[in-house]
Amino acid sequence: MADITLNKIYVKVWRQNSPKDSGRFETYEVENISQGSSFLEMLDILNDNLIREGKDPIAFDHDCREGICGMCSLYVNGRAHGPDRDITTCQLHMRKFKEGETITIEPWRAGAFPVIKDLIVDRTAFEKIQQAGGFVSVNTGGVPDGNAIPISKVDADEAMDAAACIGCGACVATCKNSSAMLFVAAKVSQFAKLPQGKVEGARRAKAMVAKMDELGFGGCTNTGACELECPKAISISHIARLNREYLVAKLAD
Amino acid sequence: MSKGSFLNASIGRKFLMSITGLFLIMFLMVHMSINLLLIFDDSGDLYNIAAHFMATNPLIKIMEPILALGFVIHIAWSLIITYQNMKARPVNYAKTEQGINSAWASRNMLILGAMLFIYMGIHLANFWWKMKFAGDPLLEHITVKGVEMENAYALVSELFKNSVIFSIVYILGGWLLGLHISHGFWSAFQTIGLNNQIWRKRLFIVAKVIGWIFTIGFGIIPIYFMIKF
């Protein structure tokens, strides 16, 4: 079945030359876009046009383009990763848009994610939170025999669900408070349910929350928006676990 | 680490909001139960006895300043938290569709809280101030079952019988409170960490039910007096 072609769409995009630049919106016309093409392919076509016109192409992050690396971002038409559920921007398709529509594209907006250029933001803050405690530092030895460390299926599944986090930052971008709680919760939760991770559980929760606060992320007000916009649909139940881990660790101090 | 750093941490601040919020919900449960005596006894005796008990019981006297403290902390910390949260996003989005991914009440707890604060001011001026300090001719002492007490029933019922505007203000107040609590109740459990995949659905339903109980429980009183008298 042939894809429908969008004869003309308007792309209203945030342009910012450098972190210091105040930035502004610019609107571009893009013609003949197949609805079967991906959103990023549409941006590639627009950039190709801009380069041919001798203009500066739009800078945006992308890498694997199959929804697993966590590089792509973009706040499209008022939603992180655009108007669809459980996908990254690279998995968004032009069939979600209509003929003649004006598509608004903004970078992630958070004080902790400063804009580097156009739509690219600096997500080093996530690395810093990870470095504060998102790891297992005890020596776990060689590969143990299968079934030597019994872990229930329920716990293994929950840890795996949390580990699905790709660190894209959609939770921060979509949260009205720019809170990184879902990210930190996922990174704490993926270890908290497993015996190797439990050992440093208290220290991890305290260190990662302290770093998150220090970097200027907001607090969680439990709107639940992050869970719905998360490309991996990570549950806010993990946030409850983070709160529990943190409060218990603090009580023990 | 010191206690101070806990209360300065994002989760510590929210922990305070949660426990004060749950404490205020418990107070409101008691408050509403007593209020409902207004519509179950038109002589006013039941309500007057309960009001007299609340005004004179030593345990209640001890709880009064604790309750006031609960309100102060809940309000003060809400302002601190909101300020911190607003600071976290220096540049706002030109276009957002938050309605798709979250409930209005969950995003606007401060606005609901501010409206409830105004409502509380009106409410305290109407009743609490008169009962405690200013006095009112309607409060003239009566004797119920041999005990002399203020006629609190007269003060409350006359307001609703005579003023449609105040009745509407009180119905709206109950509705705003219901909205506030329909998010606040389950949210408090989430923040304390008492939540998981199974309980979140339960808590969410319980929060909605409690919200509606407050909306109807407080709202029905002015409606009763408007219709019956």
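Two residues are in contact here if their C-beta atoms, placed from the backbone, lie within 7 Å. Keep that cut-off in mind for the helix pairs on this tour of a predicted model.

**Stop 1: the whole complex**

Show both chains. The predictor assigns the complex an ipTM of 0.90 and a pTM of 0.93. For chain B, mean pLDDT is 93, with 98% of the residues at 70 or more.

Colour by secondary structure. Chain A has nine helices and seven strands, while chain B has 11 helices and two strands. Following chain B along its sequence gives α-α-α-α-α-α-α-α-β-β-α-α-α.

Chain A spans about 60 × 45 × 35 Å along its principal axes; the box for chain B is roughly 60 × 40 × 35 Å. Of the 253 residues in chain A, 45% are buried, and of the 229 in chain B, 30% are buried.

**Stop 2: the sheet of chain A**

Next, select strand 5 (102-106) of chain A. How many of its five residues are buried? Four are, so strand 5 is largely enclosed by the rest of the structure.

Step through the pairings around strand 5:

- Strand 1 and strand 5 of chain A are parallel, with four bridges between them. Tyr10(A) is opposite Thr102(A) of strand 5.
- Strand 3 and strand 5 of chain A are antiparallel and joined by two bridges. Here Tyr75(A) faces Glu106(A) of strand 5.

Moving on to strand 4, strand 3 (residues 75-76) of chain A pairs with strand 4 of chain A in the antiparallel sense, again over two bridges. Select Val76(A) to find Arg79(A) of strand 4 opposite.

**Stop 3: helix 9 of chain A and its partners**

Select helix 9 (residues 237-252) and helix 7 (residues 201-214) of chain A. They pack at about 105°, and their axes are 8 Å apart. Angles of 65 to 115 degrees count as roughly perpendicular, so helix 7 and helix 9 of chain A are roughly perpendicular to each other.

Show the side chains where they meet. Helix 7 of chain A contributes Gly201(A), Ala202(A), Ala205(A), Lys206(A) and Val209(A). From helix 9 of chain A come Leu242(A), Glu245(A), Tyr246(A), Ala249(A), Lys250(A) and Ala252(A). By class, this contact between helix 7 and helix 9 of chain A has seven nonpolar, one polar and three charged residues.

The packing angle of helix 5 with helix 9 is about 75°, with the axes 8 Å apart. Helix 5 and helix 9 of chain A are therefore roughly perpendicular to each other.

On the helix 5 side, pick out Met181(A), Leu182(A), Val184(A), Ala185(A), Ala186(A), Val188(A), Ser189(A) and Ala192(A). On the helix 9 side, pick out His238(A), Ile239(A), Arg241(A), Leu242(A) and Glu245(A). The contact of helix 5 with helix 9 of chain A comprises nine nonpolar, two polar and two charged residues.

**Stop 4: where the chains touch**

Bring chain B back into view. The contact takes 39 residues from chain A and 38 from chain B. Which elements give two or more residues to the side of chain A that touches chain B? They are strand 5, helix 7, helix 8 (225-229) and helix 9 of chain A. Helix 9 of chain A gives the most, with eight residues. That side of chain A has 13 nonpolar, 17 polar and nine charged residues.

**Stop 5: a lysine in chain B**

Finish at Lys132(B), in helix 8 (residues 109-134) of chain B. Is Lys132(B) buried or exposed? Lys132(B) has 10 other C-beta atoms within 10 Å and is exposed.

With chain B still selected, consider its contacts at a separation of 6 or more: 74% involve residues 24 or more positions apart. In chain A, 69% of the contacts between residues at least 6 apart in sequence join residues at least 24 apart.

Terms used
Residues numbered from 1 in each chain as written. Chains lettered and ligands numbered in written order. Predicted model: local features only at pLDDT ≥ 70, side-chain atom pairs only at ≥ 80, totals over all residues. Axes fitted to C-alpha atoms, helices over the stretch in contact; angles between N-to-C directions. Parallel < 35°, antiparallel > 145°, perpendicular 65-115°, else oblique. Nonpolar A, V, L, I, M, F, W, Y, C, P; charged D, E, K, R; others polar. Pairing = 2+ DSSP bridges. pLDDT = per-residue confidence, 0-100. Buried ≥ 20, exposed ≤ 12 C-beta atoms within 10 Å, placed from the backbone.
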